[in-house]
Structure formats: C-alpha cells, structure tokens
Amino acid sequence: MLTSVDPEVIRALGDPLRLRIVTLLARETLCTTHLVEETGARQTNLSNHMKVLREAGIVETEPCGRFTYYKLRPEVLAGLSEQFAGLAASARAAAGNRRACP
C-alpha cells in the first residue's frame, strides 16, 4: 500500500526542477556545477532543492576535492515504483467493484 512510502519522497519528486534533477542523475553522477549548467537554476536555488532530495533519501552526496557530487539512490525510486504498481494492480482488480449509496 502506498502509505508505507515516505511522503517526503513523493513531495520531493512533485517539484518540476527536482524531477528534472532526478532525471539527470539517473543518467550520471553530477556535481553542483554540472547541475547548474544543465538546469539553468541559480546555485543557491539548486542547493535548496538538493537539500530536499537528500533529506528525502533520493540522492546521496560524494565529496571529491572541493566539489560535491550527487548520486541517485535507485532503490528508493524502485520501491516507489513497486508501490504504484501495486496500486495499479489493485485498481485493475477492483474495477468492477462499486459500493452502493445509502
């Protein structure tokens, strides 16, 4: 059931810029500079979005000298996908169910 998924993960993915960041990180590990270049976001704005993604457990950091690289945690997205797939299966199975109105 979807209730076992951390609502912070869903909230974090609900923002268009954060979803774009996740899409970029699905292709490769990127540093803040790369993410600023790819998204056109200001560095401070991007940092705030990265904090939300880190706190939701969607990305993890990897220090490299004076740079911070961000890496996607695919198991978090896979878990979310499984939860939604379960909901879809339940909806298909219950398509003919209808509660009578009083």
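Student: What should I know before I start reading?

Tutor: The model is predicted, so local features need pLDDT of at least 70 and side-chain atom pairs count only at pLDDT 80 or more, while totals for chains, interfaces and linings use all residues. Residues are numbered from 1 along each chain as its sequence is written, and side-chain values use heavy atoms, with hydrogens and water left out.

Student: Let's start inside. Which residues have the most contacts inside the largest nonpolar core?

Tutor: General idea: in soluble globular proteins, nonpolar side chains tend to be buried together. A nonpolar core here is a set of buried Ala, Val, Leu, Ile, Met, Phe, Trp, Tyr and Cys residues joined through side-chain atoms within 4.5 Å. Buried means under 20% relative accessible area, exposed means over 50%, and partly exposed is in between, with a 1.4 Å probe and protein chains only. In this model the largest core has 22 residues, and I21, L25, L35, M50, L53, I58 and V59 have the most contacts inside it.

Student: Which elements give two or more residues to that core?

Tutor: Those are helix 1 (7-13), helix 2, helix 4 (43-55), strand 3 (67-72) and helix 5 (74-93). Helix 2 gives the most, with 5 residues. The elements are DSSP runs numbered from the N terminus: helices are H or I with at least four residues, strands are E with at least two.

Student: What does L25 touch?

Tutor: Contact means heavy atoms within 4.5 Å. Leaving aside residues up to four places away in sequence, L25 touches L30, L35, M50, V59, Y70 and L72.

Student: Now charges. How many salt bridges does the structure hold?

Tutor: Side chains of opposite charge can pair when their charged atoms come close. The cut-off is a side-chain nitrogen of Lys or Arg within 4 Å of a carboxyl oxygen of Asp or Glu. The structure holds 6 of these.

Student: Where do E8 and R11 lie?

Tutor: Both are in helix 1, 3 residues apart, which is about one turn of the helix. E8 is partly exposed at 35% relative accessibility, and R11 is partly exposed at 44%.

Helix 4 has a pair too: K51 and E55 lie 4 residues apart, about one turn of the helix. The closest N and O atoms of their salt bridge are 3.9 Å apart. K51 is partly exposed at 42%, whereas E55 is exposed at 60%.

Student: Which residues are linked in a network of salt bridges?

Tutor: E60, E62, K71, R73 and E75. One of the pairs to look at is E62 with K71, whose closest N and O atoms are 3.2 Å apart. E62 is partly exposed at 35%, and K71 is partly exposed at 31%.

Student: What about R18: is it buried or exposed?

Tutor: R18, in helix 2 (residues 16-27), is buried yet has no salt bridge. The nearest side chain of opposite charge, D15, is 4.4 Å away. For charge, Lys and Arg count as positive and Asp and Glu as negative, while His and the chain ends are not counted.

Student: Which side chain does R18 join in a polar contact?

Tutor: H49, at 3.0 Å. A polar contact is a pair of N or O atoms within 3.5 Å; within protein, one must be able to donate a hydrogen and the other to accept it, and residues adjacent in sequence count only if both atoms are side-chain atoms. H49 sits in helix 4 and is buried at 11% relative accessible area. Beyond four places in sequence, H49 touches D15, L17, R18 and I21.

Student: Last one: how many disulfides are found?

Tutor: A disulfide is a covalent bond between the sulfur atoms of two cysteines. The cut-off is a pair of cysteine sulfur atoms within 2.5 Å. A search of the whole structure finds 0. For C31, the nearest cysteine sulfur, that of C64, is 9.0 Å away. C31 is buried at 4% relative accessible area, whereas C64 is partly exposed at 44%.
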